[in-house]
Amino acid sequence: MVARRRGIGGVLVNDRTRVQPSRRVAYDVLSAVRESDAYANLLLPGRIARAGLSPADAALATELTYGTLRMQGYYDRVIARAAGRPVDRIDPPLLDVLRLGAHQLLSTRVPSHAAVNESVALARQVGSRSGTGFVNGVLREIGRSTPEQWRERVLADAKNEDERFAAITSHPAWIVRAFHRSLEAEGRGEELEALLEADNAAPRVNLVALPGLAEPPSGTRPDRFSPVGFTAGGGDPQGLVTEAEGRLRVQDEGSQLAALALTRARPIEDGERWLDLCAGPGGKAALLAAEALAGGASLVANEVVPARAELVRRALAAVPLDVPVWERDGLEVGRGEPESFDRILLDAPCTGLGALRRRPEARWRKTPRDVAELTTLQARLLDSAVEALKPGGLLVYVTCSPHLAETRSVVADALDRHRGVLRLGESAEIVQSVANERLDLAGDPQLVQLWPHRHLTDAMFIAVLEKVAG
Ligand SMILES: C[S@@+](CC[C@H](N)C(=O)[O-])C[C@H]1O[C@@H](n2cnc3c(N)ncnc32)[C@H](O)[C@@H]1O
């Protein structure tokens with residue numbers, strides 16, 4: 001018998017249509033990501049607050065959303081087999097319900113009957129009546145086999161090693177190939193599986209204490225590598241950030257090392273002029289500003305997108321240094337300000353493939369075409385930065401992507417174009433000298449590639465370049 005309860009306004013509602021609020025929140029985010037290219041990390045906190053979820057339910061909604069988005073490629077393979085049809089022939093809202101259900105059945109301890117019943121109720125809310133039978137049938141079929149049996153079946157469909165990794169760790173095959181090439185370039189191809197698995201683990205929240213302006217609060221844990229970084233331990237990171245009015249900020253340890261590679265590569269001479277060419281939203285600019293203030297240098301931050309330039313201004317408000325924020329096209333800055341800066345950070349727009357841990361949906365959005373477009377922009381921004389750099393000045397080129405086309409190739413081509421003008425510094429030695437502890441870096445010592453599985457950072461690429469003195 002179907003239970004009935006009093007709903008809004010005392011109307012009797014059928015309990016079979018009730019969906020636990022954390023599942024509904026997760027579904028709503030999945031559907032917004034699919035329909036309107038929303039970002040889960042931006043959308044989820046607001047949805048959780050609006051639904052008034054308890055901390056436990058909020059944690060469940062977060063796990064369901066992120067877990068489903070990360071493993072979507074794998075779940076789609078399972079769903080296609082269980083449904084006997086390709087996923088692109090399944091009504092998209094029902095496919096989201098199935099993905100959420102598959103996640104609960106295959107990767108959580110939610111009892112099977114609860115996963116199926118909740119999914120059927122959700123299908124009733126969001127899909128057609130006939131859809132509920134379909135969802136029920138597919139999820140029951142998935143529940144009939146163990147997660148290990150599904151893994152075996154999915155693996156059996158893969159044609160080669162990279163495809164096996166792509167299927168099991170739920171990455172697009174082109175990204176797996178790109179990561180594999182990048183690791184092989186360091187002689188570490190065997191680390192591929194560890195890297196892909198690291199992408200599927202929730203990243204820790206890392207913070208920075210802007211040097212000279214704040215110290216990590218007591219009870220927090222210093223970072224292993226960044227001298228200015230820490231984790232909150234058991235505390236609430238967001239609370240710390242709010243209380244410190246921006247002098248403590250959330251920032252990946254790799255980003256901190258990249259910024260410090262510029263500011264600490266050599267002693268600062270009084271009156272140096274620095275430029276952050278692509279500064280939005282301003283995380284590295286805030287750290288550069290604190291370092292400039294301490295060392296007697298000045299800083300200009302540039303960001304072409306006005307809304308992001310505004311975020312840079314907000315980030316910089318924590319530092320008592322007057323930092324002009326330009327809204328210029330970085331491609332024009334070289335011509336407009338030739339030989340004007342002693343140090344330049346080019347944290348270039350990139351695919352972000354190095355931060356897939358944080359942006360669970362990003363792996364399904366990026367395409368090889370993005371790489372081609374971005375590398376052209378990266379090369380042109382690098383040329384502009386070289387022009388804006390004083391002879392003898394330092395330029396640090398950074399990407400949050402380990403794709404060789406965005407990293408080594410961009411740098412190698414720039415060295416070719418600026419032969420006799422630009423040279424590569426000892427990037428690894430510089431980053432090691434900045435770090436608290438020796439990093440396990442591999443490959444060319446003039447280039448640095450950080451990795452989530454090896455360093456617990458985003459996969460940041462850092463190249464320190466120098467413009468030959470006149
Ligand atoms: C990787 S993000 C920089 C992140 C930043 N350094 C931080 O730590 O917060 C790259 C930025 O470059 C900006 N950008 C893209 N094209 C640009 C251009 N032609 N000139 C200046 N900025 C650009 C993007 O809007 C984006 O904010």
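Mentor: Let's start with the word "near": a residue is near a molecule or strand if its C-beta atom, placed from the backbone, lies within 6 Å of it. Around the ligand there are 18 residues, and Cys278, Gly280, Lys284, Gly330 and Asp347 come nearest. Keep in mind that this is a predicted model, where local features need pLDDT of at least 70, side-chain atom pairs count only at pLDDT 80 or more, and totals for chains, interfaces and linings use all residues. Residues are numbered from 1 along each chain as its sequence is written.

Trainee: Which helices each supply at least two residues of that shell around the ligand?

Mentor: Helix H14 (283-295) and helix H16 (330-336) do. Helices (H or I, at least four residues) and strands (E, at least two) are DSSP runs, numbered from the N terminus. By that count the chain has 21 helices and 14 strands.

Trainee: How do the shell residues divide into nonpolar, polar and charged?

Mentor: There are 7 nonpolar, 6 polar and 5 charged residues. Ala, Val, Leu, Ile, Met, Phe, Trp, Tyr, Cys and Pro count as nonpolar, Asp, Glu, Lys and Arg as charged, and the others, Gly among them, as polar.

Trainee: Why is Thr68 called buried?

Mentor: Buried takes 20 or more other C-beta atoms within 10 Å of a residue's own, exposed is 12 or fewer, and partly exposed is in between, with C-beta atoms placed from the backbone. Thr68 has 25 C-beta neighbours inside 10 Å, so Thr68 counts as buried. Thr68 is found in helix H3 (residues 55-70). Across the chain, buried residues make up 47% of the 470 residues.

Trainee: What does Thr68 touch, leaving out residues up to four places away in sequence?

Mentor: Thr68 touches Ala26, Leu30, Arg99, Leu100 and His103. Contact here means that the two C-beta atoms, placed from the backbone, lie within 7 Å.
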